[in-house]
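User: I'd like to learn how to read strand pairing and salt bridges in a model. Can you walk me through it with the one I'm about to show you?

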Amino acid sequence: MEQHDRGGTTPVPGEFVHRADPADIIPTGWAQVEENRYSVSARWPASHPFFSLVAGDRHDPVLVAETIRQATMLVLHAELGVPVEDQFVMWELNYTADPGELAVDGPSSEIVAEISFPELDRRAGKVRGLRTSVLMTRDGRRVATGDSTARCTPGPAYRRMRGERMAALGRPVPLIPGVDPHLVGREDPKDVVLGPGDRPDRWQLRINTAHPTLFRRPNDHVPGMLLLEAARQAAMLATGSTAYLPAAMELSFSRYAELDSPCWIEAEVLSAPADPATTVRITGHQDGSRVFLCTLASPSREPVAAGPCPAARSAG
């Protein structure tokens, strides 16, 4: 089994995970286990300027989604021959995390993500589409499972597909006012991604192209991670709880969210008042059509750990 452990302040090449800041690079190494199955080591930061603690003592569950994204890109670029210039776009991303195993004071901050590819669409020897399945463990205990679907598009083909929309690349976007940061669990106003809407359950997406984590490089459309953060902040506003812990997520994208048109975020609480878990459905619409659909579920206030994971194998 060939192993790759970069160590140091930049664990893996930033271009392999599409991150420039070493603080945003989650994987620390990778190894092939068998055909189409890989083990990616990762480290979740106990302190990060954006992935801050949730409910006081839990790692941000959005780190599960970001780990899936970065681990997938790492393997694609490092092992499966996808050029770093290709456009990588996820169309579906789902996870279920054990809230007890998200505790920051756990035995270790080291995460192992075992990733497999139940589907790999190759054309002329190049990966163009994929479905991933991921199992994350910490010290042998199951932390989360997840899956995703994505497309890899060569740069020239992507530019042809986007056409005139490529003119938005790097263009400043007027920054609208944001909601009160403390209502969405934030201290810094720059981390607020929702602006006031026209009714209690609807807000306008706030796009800050200067944000160091959400806009890691110039983009011609709204990054998916920004839309996921918008869904999480909308769930906090809809439930009235900044301790909302999105331990499970189902997210699907229908189209690109453009930078030059208002995108509206709506939230609906689906759970009954007596239900100890709280489920929120969030949708994003732009120019009359849906951009994404996201369902978030938060457990009861006192989560119970799932216990040891007997065999760290890929989910699916």
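User: In which sense do strand 6 and strand 7 pair, and over how many bridges?

Analyst: A word on the source before that: this is a predicted model, where local features need pLDDT of at least 70 and side-chain atom pairs count only at pLDDT 80 or more, while totals for chains, interfaces and linings use all residues. Residues are numbered from 1 along each chain as its sequence is written, and side-chain values use heavy atoms, with hydrogens and water left out. Now, two strands pair if DSSP finds at least two bridges between them; strands (E, at least two residues) and helices (H or I, at least four) are DSSP runs, numbered from the N terminus. Here strand 6 (residues 126-138) runs antiparallel to strand 7, with ten bridges.

User: What does Asp 139 do in the hairpin of strand 6 and strand 7?

Analyst: That hairpin has two residues between the strands, and Asp 139 takes a positive phi near 55° there.

User: Which strand pairs with strand 7 besides that, and where can I see a bridge?

Analyst: Look at strand 4 (residues 87-97): it pairs with strand 7 (residues 141-153), antiparallel, over ten bridges. Thr 96 has Thr 145 of strand 7 as its bridge partner.

User: On to charges: how many salt bridges does the structure hold?

Analyst: A salt bridge is a side-chain nitrogen of Lys or Arg within 4 Å of a carboxyl oxygen of Asp or Glu. By that rule the structure holds 25. Some join up: Arg 162, Arg 165, Asp 220, Glu 258 and Asp 260 form a network of them.

User: Which parts of the chain does the Asp 60 and Arg 232 pair link?

Analyst: Their side chains meet in a salt bridge at 2.8 Å, N to O. The two are 172 residues apart, with Asp 60 in the loop between strand 3 (37-43) and helix 2 (62-78) and Arg 232 in helix 4 (residues 224-239).

User: Are Asp 60 and Arg 232 buried or exposed?

Analyst: Buried means under 20% relative accessible area, exposed over 50%, and partly exposed in between (1.4 Å probe, protein chains only). Both residues are buried.

User: How far apart in helix 2 are Arg 69 and Glu 66?

Analyst: Three residues, which means about one helical turn separates them. Their side chains form a salt bridge (2.8 Å, N to O), and both Arg 69 and Glu 66 are buried.

User: And is Arg 58 buried or exposed?

Analyst: Arg 58 is buried, at 13% relative accessibility. Its salt-bridge partner is Asp 57, at 3.2 Å, N to O, and Asp 57 is partly exposed at 39%.
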